[in-house]
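Visitor: I am new to this structure. Please show me how to read it, one feature at a time.
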Amino acid sequence: MTQTYIGAIDQGTTSTRFIVFDRDGHIVSVAQKEHEQIFPHPGWVEHDPAEIWAATQEVIEKALAQKGLKPSQLAAVGITNQRETTVVWDRKTGKAVANALVWQDTRVDPLVRDLARDGGPDRFRAKTGLPLASYFSGLKLKWVLDNTPGLRERAARGEIAFGTIDSWLVWNLTGGASHLTDVTNASRTQLMDLETLEWDAGLLEAFTIPASVLPRIASSSEVYAEATGVLAGVKIAGILGDQQAALVGQACFRPGEVKNTYGTGCFMLMNTGEQITHSTAGLLTTVAYRFGAQKPCYALEGSVAITGALVQWLRDNLGLIKSSGEVESLARTVEDNGDVYFVPAFSGLYAPYWRADARGIVAGLTRYARAGHFARAALEATAYQTRDVAEAMQADSGISIKELRADGGMVGNELLMQFQADMLGIGVVRPEVSETTALGAAYAAGLAVGVWPGIEDLHAHWKADKRWTPAMDQAQRGALYASWKKAVGRSFDWAI
């Protein structure tokens, strides 16, 4: 049989990758390129959509060239993307009207407060599964429409298109022929009804969003269109927001299965099956995936804004390390955190706190503290925040988490993975294929074109690479976590 390949575009917060997988889910080739992080004002985070599209084309060409592959050898391509990042563009020229507002951007905080005055922060939670927060796309879109001269008038004339990064890529990959998104990305706009999976007229009115700018909502796995240009003739057949893609890539298809992705931020998802589980403990309810015409599956999600980004901050802002990979060796120069705690609330605190007024702090400093303690505290902050989310998830679902499947860029840090197991008191497992986000997008595309007949085949591909088991006694675990919670409390009420 001729070898079948599936391509995956993985467009993340800091870089874009194209990965080619074979039928067994193994990586055949990969190319990656970083893009600029733009910070015009405190709390503002932007990307250049044109730079992202150029990088996407470049990495596709490079990954194919590595193995001498042609686009025609790809059975399909899937897309996974940073989710809430918002792009607005001109339908005629295909050019963005402004930089993309990144999911971390907090400029819409005043809009959040305005909307929360009537009904509180959970005003739209029953319909969307989401609290009012700067995180989601709907208010970012409103801000662009309100603050770009003449844009609302142009939108009313049908000249303007909105999308998250998946929509932007599909538009460009098809030469402007397709304007669509999938249910997972749509569920992060705060404009879609979780039950109907359609844009909601009441939400559009509340956010003052004209329906004319919105993409069509499709499933996560179906043949949407054929690409032109760099992937000419290849079927675009899968779209998943990055964290849902990792859930699929980790083969978490059974209710109660949990994955955590350690990247710029941390994102823990628990599959809740076809049941919509509304959170009372500070989590998000989101669409996990919808394959073809099947019923959608849902998830509880805990989103942590800053984890790997804290390591980058130590590198870029403080110069404590020259590369992110050096943080583990620096942390190992000390035996413990020296009672130093980082609360990286650079953009406020997300789940389970949802405190936009929080800001980053370092607590417990004495003259004893040195660089190794800073490095260790930065890694431990990731594990503490993950425990915060895990406890909320168990409270909401009534399910005791037995094992955590871990993926993302930080899972190569064995000091962190062991501390994570210690802090949770359960096993942490790293999969054989660590690029689970891209793999999930490839799975979605492959399911749509019959490369894999069903999810049972995907279950068979998943294999563990390494497991970490708890080695810390309960008393020490409790003492460390209590100090973390104290530090978190100190970060509140900073930004009013």
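Guide: Start with one term: contact means heavy atoms within 4.5 Å. Of the contacts in the protein chain with a separation of 6 or more, 72% come from residues 24 or more positions apart. Note that this is a predicted model: local features need pLDDT of at least 70, side-chain atom pairs count only at pLDDT 80 or more, and totals for chains, interfaces and linings use all residues. Residues are numbered from 1 along each chain as its sequence is written, and side-chain values use heavy atoms, with hydrogens and water left out.

Visitor: How many helices and strands does the protein chain have?

Guide: Helices (H or I, at least four residues) and strands (E, at least two) are DSSP runs, numbered from the N terminus. The protein chain has 16 helices and 21 strands.

Visitor: Why is the chain called as compact as a globular protein of that length?

Guide: The radius of gyration is taken over C-alpha atoms, and the globule rule is 2.2 Å times the number of residues to the power 0.38. For 496 residues the rule gives 23 Å; the protein chain has 22 Å, close to that value, so it is as compact as a globular protein of that length. The C-alpha trace spans about 60 × 60 × 45 Å along its principal axes.

Visitor: What share of the residues counts as buried?

Guide: Buried means under 20% relative accessible area, exposed over 50%, and partly exposed in between (1.4 Å probe, protein chains only). Of the 496 residues, 61% count as buried.

Visitor: What is found at the start of α13, and what follows the helix?

Guide: Look for a polar contact: a pair of N or O atoms within 3.5 Å. Within protein, one must be able to donate a hydrogen and the other to accept it, and residues adjacent in sequence count only if both atoms are side-chain atoms. At the start of α13, a side-chain oxygen of N413 comes within 3.3 Å of the backbone nitrogen of L415. After α13 comes G425, with a positive phi near 75 degrees.

Visitor: Where is S279, and is it buried or exposed?

Guide: S279 sits in the loop between β14 (266–273) and β15 (284–289). S279 is buried, at 8% relative accessible area. Its side chain reaches the backbone nitrogen of L283 at 2.9 Å. A polar atom of that side chain also lies 3.3 Å from the backbone nitrogen of G282. Beyond its neighbours within four places in sequence, S279 is in contact with R125, T285, L300 and D396.

Visitor: Which backbone angles deserve a look?

Guide: Most residues other than glycine have a negative phi, and most peptide bonds are trans. T208 has a positive phi, near 50 degrees. T208 lies in the loop between α8 (201–207) and β10 (216–218), and is partly exposed at 35% relative accessible area. A251 has a positive phi too, near 60 degrees. A251 is in the loop between α9 (242–249) and β13 (258–262), and counts as buried at 0%.

Visitor: Which residues does the cis peptide bond join?

Guide: A351 and P352, with omega about -5 degrees. P352 is in the loop between β17 (341–343) and β18 (361–363).
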